[in-house]
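Here are my notes for anyone opening this one for the first time. Have a look at the model, then walk through the points below in order.

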Amino acid sequence: MSAFLAVRFAATFLAATAPLAAQDTVSGGNGTLYLAARPGRILIVDEATFRVTGEIPLAKSRPGMSYPLQLSQDRKRLLSYGLNLEDIEIVDIATRRVVDTLTLSEGNNKVRLDCYDSCGEHGTRLAFGTRPAKKLVDRFEIGPRALVEYDLEKKRVGRTIPWPKGEEQERTGLLYSPDGKLLYVLAAEDVFVYDTATLSVVDKWELSRPVEDGFGRLEVAATTDINDQPGFFTGIFEVDDPVQHRRIMGIARFDLAGKKVDFWTVGPAKPLRQFALAPGRKKAYSILDEINNWELWTFDLEGRRLEKRTPMTATGRPRMSLAVSSNGKILYIFGAGNTIDLYDAQTHRFLRTVTLDAEVGWMFVLPPGP
Amino acid sequence: MKHLRAVNRKADLIEHVTGGGRAEEADARSDPAAGDVVALADPPQQPQGPWVPLGCSFVFFPGWEVDKSGGTAGLCQPVERDLFDCHIGCFWPAQVPDQLNHAPDWTGKCAAAQKDWRKIDLIFP
C-alpha cells in the first residue's frame, strides 16, 4: 500500500472518530452498529470506539439511503429497500455483503413494494403489499393493491394472501409469529391472524373495541425494537377520551399470541418521537419534539411512570431518532445529519457528539456475540 | 364571619364564581386566551395552531418552508439537507432533478449535506 493510500485509509476512519472527552467514562458496550448511510451504503461501526470498521454498498439505494432498513427476526440479515420503492436488497450480516436482490418490476410493469411500515419476514419468506402499475404510452395504469408472500429460495411470489374480509386495505402491517406458523395482518382496525400453511384467517383480534371502558381504540402498527420480546411489541400510543375528547398518551405492550394488550397512561398526548426499549425492558426512552423544546424522556416500565425528563440544551435542535446502546448505558440520538449525540441513559448527561463522514438514517445496535 | 380565603388562583376563581372575590382579576383569568384556567369540560385544551398542509412545506411554494407552528425554529436540521433529501422524506417533488430517470446520481458525491453540499451536481432541464 502506498503512503498516500495509507494516509487516506487512516483519514477515512479517523474522520468518523470523535475525540473522547476526559470525563467520558461511560461505555456503550462492545456491540456493533449498523447504520443506513448516504450514498447507498450501510456503515458498520464498532460501538466501543465508534470507529467505522466497514461498509456494505447498496446499489439500489444510491445516491440516497435505504428507505427503510429493516433487521430480520433472527438478526442475521438486513433488508434494504431501494429508493425507487421497487427493490429489496438482502444483506447477510455475517459476510457483510448483499446476497440477493428482489424486484417484481419487469419492463413496463412496475411494482412498488409497500414496505415502509416493515414487511413480514421469516426464514425464506417475505410478506409485503404490492402496488402494480403498467406504463403505457401516455399514462400509467394503476392495478389493484395485493398482499403477497415471496419465496426467497425460489425467487418468486409464492402465494397471494387474501385480504381480510375480502376488502382491500390502504395500509397494512405484516408480522410473522416467532415460529413462523402464524401471520398477523395488522389492518386499519383489527388484527387478523392467518395460518401460514393455508393462508386462511384462523383468528381475529378486534382492537376496534376499546381495551378499557372509557377509552377510544388503539391503532396498532408493526414496530421493530431489537430489545423487545419476539411476538410482542411495545410503544407509545394515543387514545381519545370519548367524554372530554382529549388525546391521552400511554404505553401499550401487545402480546400477539395471547391477544392481550397491557396499556397504562402517561398523561396528555405530547409530540414524542421514537420509542426505544432498554435491554431487559425495564426502562424505555423517547424524545419530546416541540419547537424550541427538545427533551429526553425516561419511562420506568416496572413502576409505570415517567421517571425523568431533561431538556436537551447541549445540542438543542430537532432530532428524529433514538437508539439504546447494547449495554443500555448510553442513548444515541441522531437524524437528520451526520452526527450522533451520546447521552448517559441514567443521568441524561450529554457526553459527546460523534461526527461521521456521511448522513445516517436507520440504526441497529447488535450486542456482541453470535 | 369569613373563615376561608383564597390563597391560589383556582380558589380565587371559585370564590368569584360562587359570589365573592375579585371579579376583575377572576374575569381576566377565566379568559381562555390567557391560558391560566382551562375548563375540563370545554375542549380543546390547547389553542389551535396554524394549519400547515403537508407537514413541513408547501409543495407548490418553493423556498417557503415552515414548521408546524408557522415559524422556522422547528425545521429539520441541518438545513443543507433540504437541498436533496426532503423530496423523499417530506415530499418535495418539484424542486429536485428527476432522480429515478434522468439524473440518478446527481447527489452521489454528497455523503453529508453540511460539508459536501457543493458537490451536488447542477442539472439543467
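1. Let's start with how two parts of chain A sit relative to each other. The centres of domain 2 and domain 3 of chain A, taken over C-alpha atoms, are separated by 21 Å. For orientation, chain A is divided into domain 1 (104-206), domain 2 (212-269) and domain 3 (270-370), with bounds that come from an automatic or database domain assignment.

2. Some housekeeping. This is a predicted model, where local features need pLDDT of at least 70 and side-chain atom pairs count only at pLDDT 80 or more, while totals for chains, interfaces and linings use all residues. Residues are numbered from 1 along each chain as its sequence is written, and chains are lettered from A and ligands numbered from 1 in the order in which they are written.

3. Back to the domain boundary. There, 13 residues of domain 2 of chain A are in contact with 15 residues of domain 3 of chain A (contact: C-beta atoms, placed from the backbone, lie within 7 Å). On the domain 2 side, the elements giving two or more residues are β18 (232-240), β19 (247-255) and β20 (260-268) of chain A. Strands here are DSSP runs of E with at least two residues, numbered from the N terminus. By class, that side of domain 2 has 8 nonpolar, 3 polar and 2 charged residues. The classes work like this: Ala, Val, Leu, Ile, Met, Phe, Trp, Tyr, Cys and Pro count as nonpolar, Asp, Glu, Lys and Arg as charged, and the others, Gly among them, as polar.

4. There is a chain-to-chain interface too: 22 residues of chain B are in contact with 21 residues of chain A. The chain B side of it is made up of 11 nonpolar, 8 polar and 3 charged residues.

5. Which residues have the most contacts inside the largest nonpolar core? They are A:Leu35, A:Ile42, A:Leu43, A:Leu331, A:Tyr332, A:Val360 and A:Met363, in a core of 83 residues. A nonpolar core is a set of buried Ala, Val, Leu, Ile, Met, Phe, Trp, Tyr and Cys residues joined through C-beta atoms within 7 Å. Buried means 20 or more other C-beta atoms within 10 Å of the residue's own, exposed means 12 or fewer, and partly exposed is in between, with C-beta atoms placed from the backbone. Leaving aside residues up to four places away in sequence, A:Tyr332 touches A:Ala323, A:Ser325, A:Ile340, A:Leu342 and A:Met363.

6. Now pick out the open sheet of 4 strands with the order β25-β26-β27-β28 (chain A) and antiparallel pairing. Strands pair if DSSP finds at least two bridges between them. At the edges, β25 (321-324) and β28 (350-355) of chain A each pair on one side only. β25(A) and β26 (residues 330-334) of chain A are joined by 4 bridges, and A:Leu322 stands opposite A:Ile333 in β26(A).

7. Strand β15 (residues 182-186) of chain A deserves a look, as 5 of its 5 residues are buried. In a regular strand the side chains alternate between the two faces of the sheet. Here A:Leu182, A:Tyr184 and A:Leu186 are buried on one side, and A:Leu183 and A:Val185 on the other.

8. What flanks β15(A)? Strand β14 (residues 173-176) of chain A pairs with β15(A) in the antiparallel sense over 4 bridges, with A:Leu174 opposite A:Val185. These two strands form a hairpin with 5 residues between them, and A:Gly180 in the turn has a positive phi of about 80°. β15(A) also pairs antiparallel with β16 (residues 191-195) of chain A over 5 bridges, and a hairpin joins β15(A) to β16(A) through 4 residues.

9. Most residues other than glycine have a negative phi, and most peptide bonds are trans. A cis peptide bond joins A:Arg38 and A:Pro39, with omega about -20°, and A:Pro39 is in the loop between β1 (32-37) and β2 (41-46) of chain A. Another cis peptide bond joins A:Tyr67 and A:Pro68, with omega about 0°. A:Leu85 has a positive phi of about 65° and is found in the loop between β5 (77-81) and β6 (87-92) of chain A. A:Gln274 has a positive phi near 60°, but is found in strand β21 (residues 272-277) of chain A.

Terms used:
Contact = placed C-beta atoms within 7 Å.
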